[in-house]
Amino acid sequence: MRLLVVGRLSGQLASAVKMAMAHGAKVNHVERADQATEQLRRGQGADLLMVDYQLDIAALIAANEAERITIPVVAFGVDADAREAAAAIKAGAKEFIPLPPDAELIAAVLSAVADDEKPMISADPSMKAVLQLADQVARSEASILITGESGVGKEVMARYLHEHSRRSERPFISVNCAAIPDNLLESELFGHEKGAFTGAVARRIGKFEEADGGTLLLDEISEMDARLQAKLLRAIQERVIDRVGGSKPVSVNIRIIATSNRDLAKAVAEGTFREDLLYRLNVVNLRLPSLRERPGDIVVLADHFIKKYAAANGVPVRPISAAARQAISAHRWPGNVRELENAMHRAVLLATGSEIDVNAIRLPDGQPLGGMSAGMMAGQAYEAPQAGVAARAAQAADAVTRSFVGQTVAAMEKTLILDTLTHCLGNRTHAANILGISIRTLRNKLNEYADEGTAIPAPMSGVSASGYAA
């Protein structure tokens with residue numbers, strides 16, 4: 001990860017920087033907040049800003065946002081009291097690190113805010129076949145399209161390709177096309193010149209130039225606006241870009257990797273995606289199988305996540321019980337590896353015995369895995385008569401049906417969207433996939449509901465290593 005430290009480099013801060021570097025961070029340093037924003041404008045990107053709490057953190061964040069730069073901030077300080085630390089959090093910092101530094105806290109914050117440690121782990125033959133193809137093409141300059149359901153590990157595969165490419169020593173830059181509004185994505189990708197729009201007080205380098213010499217990942221490319229698709233096609237074909245408000249083209253040398261959880265051939269047929277752009281991106285296609293198609297990976301991934309989150313939360317590594325292994329192997333995991341990871345994170349926190357049993361493995365809504373108790377998994381008899389089960393199911397279905405009567409279609413749609421988003425812990429991409437709509441459509445609906453005053457579930461992924469909601 002790339003860390004930009006903002007503040008005077010005292011001896012204690014220098015020790016914190018050394019600890020961050022020891023954990024794999026690439027560190028740059030400036031003393032003033034305006035220097036930080038200027039460095040980010042010039043394309044010297046960062047995954048995390050570590051800022052002296054005595055600086056104006058709110059103004060720094062506002063200056064970055066005015067330039068359409070969004071990077072998490074962690075505050076640090078010497079001899080800061082609880083009030084000052086709370087003020088830094090209120091100003092927009094995600095976390096506060098007291099100095100002198102604690103090695104474990106530094107490691108936990110870096111892991112929580114910018115989790116880049118996502119190794120490619122596989123034991124299933126179907127996934128190993130994909131990895132073999134990835135190894136064949138990694139060192140080429142070909143554009144690669146990675147497809148598969150949400151949560152299967154498309155970004156992990158993209159990082160794997162970069163790490164095994166001839167560009168591995170150069171930047172790997174990722175842009176989530178679904179998470180950035182259309183009116184901001186062009187500037188994010190191509191940069192802008194001073195005065196290109198209100199708030200553009202200086203030239204800003206975009207992700208294409210930031211990735212120069214390395215790899216640019218265009219995540220969820222199917223959500224890109226048609227106008228931007230044309231500009232992207234030119235950038236890929238001619239290896240030049242035009243900054244927003246610019247007067248001359250800028251040469252770039254990058255490799256493009258794109259991902260999509262949607263059928264792009266179908267999108268072409270529907271007229272929402274350019275056919276010529278698909279041909280340019282899809283020189284090599286890597287389709288990642290869903291987790292239910294690669295059952296041999298479930299247990300090895302679960303073991304990896306248990307070790308990872310046990311270390312992050314400072315708890316013992318507990319093995320998975322035999323019944324729990326059977327349960328996770330039988331589950332369909334509609335959210336794929338991402339859902340499995342979150343479930344194992346919860347299990348690490350909920351387990352109480354010497355092993356992680358079935359009761360510790362919970363679905364996002366808190367229900368036991370598969371709706372079965374530990375006793376049922378162990379083979380205990382379920383004594384309720386089947387007739388009673390059927391009767392209760394019929395009553396529940398009738399109650400649900402009656403609750404729909406009298407509602408408008410729009411109200412039912414709103415309920416379905418919000419309930420699905422809540423079930424997915426606020427994960428927009430996962431919810432859109434379940435609902436069968438594009439992320440853009442989902443985002444527009446949520447904006448509409450928010451304008452009506454409806455509370456929208458925020459994205460969550462459990463509790464981070466440093467103790468705050470991720």
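Trp 333 is buried, with a relative accessible area of 1%; buried means under 20% relative accessible area, exposed over 50%, and partly exposed in between, using a 1.4 Å probe and protein chains only. This is a predicted model, in which local features need pLDDT of at least 70 and side-chain atom pairs count only at pLDDT 80 or more, while totals for chains, interfaces and linings use all residues. Residues are numbered from 1 along each chain as its sequence is written, and side-chain values use heavy atoms, with hydrogens and water left out.

Trp 333 is located in the loop between α14 (322–330) and α15 (336–350); helices (H or I, at least four residues) and strands (E, at least two) are DSSP runs, numbered from the N terminus. The phi angle of Trp 333 is near 50°, a positive value in a residue other than glycine. Asn 336, in helix α15, also has a positive phi, near 60°. Asn 336 is buried, with a relative accessible area of 0%.

The structure also holds two aromatic pairs. Rings of Phe, Tyr and Trp (its six-membered ring) pair if their centres lie within 6.5 Å; planes under 30 degrees apart count as stacked, over 60 as edge-to-face and the rest as tilted. Tyr 53 and Phe 96 are edge-to-face, 5.9 Å centre to centre with 70° between the planes. Because Tyr 53 lies in the loop between β3 (48–52) and α3 (57–66) and Phe 96 in strand β5 (residues 95–99), this pair ties together parts that are 43 residues apart in sequence.

Phe 190 and Phe 208 are stacked, at 5.1 Å centre to centre and 15° between the planes. Both Phe 190 and Phe 208 are buried.
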